[in-house]
Each structure stands twice: as structure tokens, then as C-alpha cells.
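Try each task before you read its solution.

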Amino acid sequence: QVQLVETGGGLVQAGGSLRLSCAASGVTFATYVMGWFRQAPGKEREFAAAINWSGAYTYYADSVKGRFTISRDNAKSTVYLQMNSLKPEDTAVYYCAAGRKLEGRSPGEYEYWGQGTQVTVSS
């Protein structure tokens, strides 16, 4: 019943931008912390960004801070990740997640997950 669907991934050159979207259904969207994680081949899933239920508070991994911006539209049950100044090391599958722990940075702190969308940054 609960579904998170990511869109917007693709291939981009270093220095370029992408905007990821995650549409949620089957949850009371406005009550959840929403996060973005990423996983590169052979590596563990790592935290990228999160946003609280109202959208007033955001937090980021040091590796993306200043380049990525997370936002949400509760009326549309959608969370976004605007990615600017992309680097080859940003290449990964990006996952949308929903949880209830404030400032959650570990995958285990999130209850629901999307299928992921591939982001590839060429050098």
C-alpha cells in the first residue's frame, strides 16, 4: 500500500544539475521526515539529505552540503532533491525514504523506501 516512486535520474556531465522527485502514496506524507540516500556499486547506502515534516528544517551530509537542496511539497506528497555542481563521485543509485525520527541519518531509521533512480555523472 505504501509506495515511494523516484524519478529524474539520468546521465549528466560534471558540473551539471539534476532534479530528483519522489512521489509518495499510502502514507500521511506531512507527518514523515523524508530523506534521500545514495548507494554506489560496492558501497553501503549513505545518507545525503533529509527534511522535517513541515519543510522548515533541512540537513545534509558534508559531501553534498552547498551543492544539493532538499525540499518538499506536502500538498503534492512529493519531496525533491535539486543537485547542482555534480561530481563523478556523486554517481550512485539515489533512494527516497520516509521515517519518523528527527534528523535520522541511518537507513535503519527510515520505514519506507523507493525503488531508486540511477544518477551517473561523467567526467
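Buried means under 20% relative accessible area, using a 1.4 Å probe. By that cut-off, 44% of the 123 residues of the chain count as buried. Keep in mind that this is a predicted model.

**Exercise 1. Describe the overall fold and judge how compact the chain is.**

Step 1: Begin with the secondary structure. The chain has eleven strands and zero helices.

Step 2: Turn to size. The radius of gyration is 13 Å, close to the 14 Å that the globule rule gives for 123 residues, so the chain is as compact as a globular protein of that length. Along the principal axes, its C-alpha atoms fill a box of roughly 40 × 25 × 25 Å.

Step 3: Look at the contacts. Taking those between residues at least 6 apart in sequence, 58% join residues at least 24 apart.

**Exercise 2. Find out what surrounds the side chain of glutamate 6.**

Step 1: Locate the residue. Glutamate 6 sits in strand 1, which covers residues 3–7.

Step 2: Check the backbone instead. The side chain of glutamate 6 reaches the backbone nitrogen of glutamine 115 at 3.0 Å. A polar atom of that side chain also lies 2.9 Å from the backbone nitrogen of glycine 116.

How values were computed
Residues numbered from 1 in each chain as written. Predicted model: local features only at pLDDT ≥ 70, side-chain atom pairs only at ≥ 80, totals over all residues. Heavy atoms only, no water. Helix = DSSP H or I, 4+ residues; strand = E, 2+ residues; numbered from the N terminus. Polar contact = N/O pair within 3.5 Å; in protein donor to acceptor, adjacent residues only side chain to side chain. Contact = heavy atoms within 4.5 Å. Rg over C-alpha atoms; globule rule 2.2 N^0.38 Å. Buried < 20%, exposed > 50% of the residue type's maximum accessible area, 1.4 Å probe, protein only.
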